[in-house]
2 protein chains.
Amino acid sequence: MVIEKTYNIIILPQKKRLKAKEGENLFHFLVRQGYPVPSACGGMGTCGKCRVLLPEGARAPTESERVHLTEAELEAGWRLLCIQHIDRALVLEIPEVEESVRAKELLNKVLRIPLDSGVKKAYLELPKPGQEDQRPDTVRFQEELGEGRLTFPLQVLKKAPNLLRKGDFKVTVTWAANHVLDLEPGDTTRAQYGVAIDIGTTTLAGYLLSLNTGVELAVRSQMNPQRSFGDDVISRIKRVHEQGEAGLRELQKAVTSGINMVIKHLCQAARVSPVHIYKATVAGNPTMIHLFTGIDPSNIDHSPFIPVLRDSLILPALELGLDMNPQGQVHILPSISGYVGADITAGILYTRLHQAEGIQLFVDIGTNAEIVLGNKDRLLACSTPAGPAFEGARIKYGMGALPGAVAHVLLNDRDLKLEIIGDGVPKGICGSGLIDLGGELCKVGLINERGNFGRRVDLPISERIHQGEKGQLQFLVSDGSKPIYLTQQDVRELQLAKGAIRSGVEIALRELGVTLNEVEMVYLAGAFGSYVSRESVLRIGMLPEFPLSKIKPAGNTAGQGAKLCLLNRGKWEEIQGLTEQVEYFELSYLKDFSRVFMESMHFPRHPHLE
Amino acid sequence: MVIEKTYNIIILPQKKRLKAKEGENLFHFLVRQGYPVPSACGGMGTCGKCRVLLPEGARAPTESERVHLTEAELEAGWRLLCIQHIDRALVLEIPEVEESVRAKELLNKVLRIPLDSGVKKAYLELPKPGQEDQRPDTVRFQEELGEGRLTFPLQVLKKAPNLLRKGDFKVTVTWAANHVLDLEPGDTTRAQYGVAIDIGTTTLAGYLLSLNTGVELAVRSQMNPQRSFGDDVISRIKRVHEQGEAGLRELQKAVTSGINMVIKHLCQAARVSPVHIYKATVAGNPTMIHLFTGIDPSNIDHSPFIPVLRDSLILPALELGLDMNPQGQVHILPSISGYVGADITAGILYTRLHQAEGIQLFVDIGTNAEIVLGNKDRLLACSTPAGPAFEGARIKYGMGALPGAVAHVLLNDRDLKLEIIGDGVPKGICGSGLIDLGGELCKVGLINERGNFGRRVDLPISERIHQGEKGQLQFLVSDGSKPIYLTQQDVRELQLAKGAIRSGVEIALRELGVTLNEVEMVYLAGAFGSYVSRESVLRIGMLPEFPLSKIKPAGNTAGQGAKLCLLNRGKWEEIQGLTEQVEYFELSYLKDFSRVFMESMHFPRHPHLE
Ligand code: FES
Ligand code: FES
């Protein structure tokens, strides 16, 4: 019987007493116990945030402690928590955590799944070669590691001999599934990170996570640099049609450099070195995935809309040009069809539609809106061309969700209230503002069922309806130095956009053979889904008349799904099944699609919310 | 029950009747039946050598037949055999095979093992996408191929969409172990080749084989271009010591370009395109393997002689810069220690020492000589520094085995007979000539046991012993316009070289605890082992006194072993086991090595052959 040695850990000021096993890292121990340990580096000893007071028996300070703590603090017994190991009884005090990132909170905020990224690190003090031990360098590892036969990439083999000898045969080896990823001198076992990436047509989002603790260390989003080649996937595919190979490379380079910028910022924020990122997971729509991997998406944009790729891919970072460990494995999530991509499989994985008992609806609103409906027994998916109105395009005073955009609107008989992003002077209308305007104007009856403006003499607000160019009516949203209008044409664009989504949902319900009431939950995915007013969504009839309580903004489900795959290999396996499990149907091939679409463009006659 | 349709094939003039299954290729059918079908391209339809007369019912000639046959021949019913398929009863006549390469002979000459290279090709006529079939390009393949989930390299994914559509969805896919290697338009299933490569310190040897038939289509050897950086492994490692990374790259580039030249010649000889080479196997000593893969061999040349690599490696051709299919898989054979390399494991695999019942000895003579002794129960290996005397270095009139070299010598009381490579004027002495000279001079007693020249007044041949510089005796080998001598110092060099080998063999026998008589078979590996006179080998005492009948020149066993691994995955698995099975011992660490070595330098007192 092996008897494990334990020590008492007493935490001040509450004098809480814990028992801890010998040898464990104190940081990880406390995080597991639920203590809010402040950290920005996930316990790697670089951020200096995990200060702890050891009133008795603090060991001589390390290099890193000398950097992060003053002489006086050191003398008082302050140390960094994450470099302490449990090798004696300890009394300690963790200071109040204020603004700084709380490891515990992050652990909660993040995904409750067992940590099993597949990446492993081990610190080895290898016996040195000698007359009695002529083992080759690689064999020396394998035998000490005891993980069976390992394969080594050339890159690692090339640096191995010098590194071993310079590091006095004390090295950290990183591997995944019997494949060595890297070799470093000294002990770097705690530096083990991954990134989850969501490549949106408009926005790139990146999340840096510790693969040791599951803690999310940094988040970063920025514009997809491909936007300079066109706003939507169609315009980018068109560029490939026109420019061929060169255009494809250009678009690939743009998105890769954008992602590299995201990674750079993530690493700076968390004080992490990119070579310690060993795994990446990537979600995105099919065109984005094709362009990111440099695969020609040309056949996606015309019937029968054929992508090259659907299944997942695992490639070394080197091959994709990502600035992380060159042997780090980039996992590209699988798709379903030419328009229902890895962003949607990730979203399903996160919202668990594929395991739901009751019927659930998932809607991701974008230039193309993706709709998934069903439960564990059957899932249907379709994609519907909502067009760029929600991004502010083709709207006379339209703009993106940037400072100055009218994001929300409240309107009564005589007045209206605007919510402006950044609180400044209104400069234009963004997607959520457009939907609110539509919803509010329907509510008071200034727009009729067919989407036509009409004055109502009984309403003072009616005076905001003016005659515009060519005699068309328009609604004055803001009359600052630069007045902002919602034009009749804008309302038409809104009708097209919301009609596309509504018709997709209606047809999905019909194809699955379920009624409105049977739908238990409606997830609105994406940043837009979180920002938009659900009331307005219902008022303009973008969705059928679900009770408000069933509609749930789900945030960046693509990013969340990518994180799940990053942290847990079981989830990565699980998402593979979705490509076959989800049945895709092509809306435009349905005989009655245009009829349903036409009907769906109408605004509801009696908005049920009033 | 599936009834297979068969047809009668009648072969003229013997009227031999065979039954053949519908659909089979006629070339492969006849080769399997043992017919000597002439071919230089292995049945790929490119060499035009497989002419066959079909007196009745020849089909309209194809493109390729029009190229290789005259109008009159075509009219008479001559066709190319390898593009006929068995789809009817056939009467045919195969012309006498003269000089041209006989497929059957080659099949026999080559290795009798089941063909199982792991590379597969299939021609697919894929259903085209349409409204009813929106499957992604990659899924389309996988489902038609029915081989389960395939992984695709980026390179193939990048060319897939255009290639499919240009080729009208008729494509040939090549894969190995569920990994797609390539995609080509049309049916190229017959074009499936592999190369076995032996990287010698001095010579590169390459063999081109059809992976469809196992036929060896071409052989090529040439100088290892690394020779301009030094003759032996030590001098090349020294270059890495001196020049570091740059020297390493230079040496890697040299050997890679040499191998590429070999591949180019092989392909030209067999009229094969390099992109149809999907697999390569590589043998070579540890330093050559390190330099080929660009891995620093620096720690091999000093005690404790540690290589980086011992186990096998599989890398895409692209990564190594080999001119074959870029995704083709290069299999680098495993080694045993820093001086007993993949050339030796390949040699063991081929000679089957590891499966032998009786004790066998394997000796590969080179600048370093490798010695393996044992049987299926236990195998010992060591390496011994024979030095460069057998390559002609450090010998006053020494030279390599090139035209003009004295390769064999016969000597009696009064005269001597020389065999010159290329039959011209003798220009120097190569390794086998040196051994013969030593052996013959011992035989007649002009060299004594300690290696000293001595005149014998009773022998007229004795007059060829002259006094050279500094009064040293020397033996006149040839007195043309430029006389050639064997000097006393040359004899010393011979003693060092043969003594090194002899002492290794003696110690191996001792370590294994076996007597001379227990050794059943002695393999002399390598070109030198085939060329050298076994009698002289025994006369100078390079080997203990084995009966001549037990000594067997085994040819390029490294190349043969590499071919086995090329054609059969079972052999590749088998060779992996040798790294652990063979016990390496370091001669120089043995306390009594120098004593044994000193003794081994003596020439036998009473040569037993006389
Ligand atoms: S958590 Fe200890 S230094 Fe960052
Ligand atoms: S074997 Fe038929 S052309 Fe070469």
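Predicted model: local features only at pLDDT ≥ 70, side-chain atom pairs only at ≥ 80, totals over all residues.
Strand 21 and strand 22 (residues 473–478) of chain B run antiparallel to each other, with three bridges between them. They belong to an open sheet of three strands in chain B, ordered 21-22-23 and paired antiparallel. I noted the edges as strand 21 (465–467) and strand 23 (484–487) of chain B, each with pairing on one side only. From one strand to the next, the twist averages 45°.

**Entry 2, what lies across it.** I checked helix 12 (residues 488–512) of chain B next. Helix 12 lies across strands 22 and 23 of chain B, at about 60° to strand 23.

I then turned to where chain B touches chain A. Each chain puts 46 residues into the contact. I got a buried area of about 3600 Å², with 57% of it from carbon and sulfur atoms. On the chain B side, Gln134(B), Leu154(B) and Val308(B) lose the most area to chain A, together 18% of what that side buries.

I counted two salt bridges between the chains. One of them joins Arg149(B) to Asp311(A), with the closest N and O atoms 3.7 Å apart.

Helix 6 of chain B gives the most, with seven residues. I sorted the residues on the chain B side into 20 nonpolar, eleven polar and 15 charged.

Methods
Residues numbered from 1 in each chain as written. Chains lettered and ligands numbered in written order. Heavy atoms only, no water. Contact = heavy atoms within 4.5 Å. Buried area = accessible area lost by both parts, 1.4 Å probe. Salt bridge = Lys/Arg side-chain N within 4 Å of Asp/Glu carboxyl O. Helix = DSSP H or I, 4+ residues; strand = E, 2+ residues; numbered from the N terminus. Nonpolar A, V, L, I, M, F, W, Y, C, P; charged D, E, K, R; others polar. Pairing = 2+ DSSP bridges. Axes fitted to C-alpha atoms, helices over the stretch in contact; angles between N-to-C directions.
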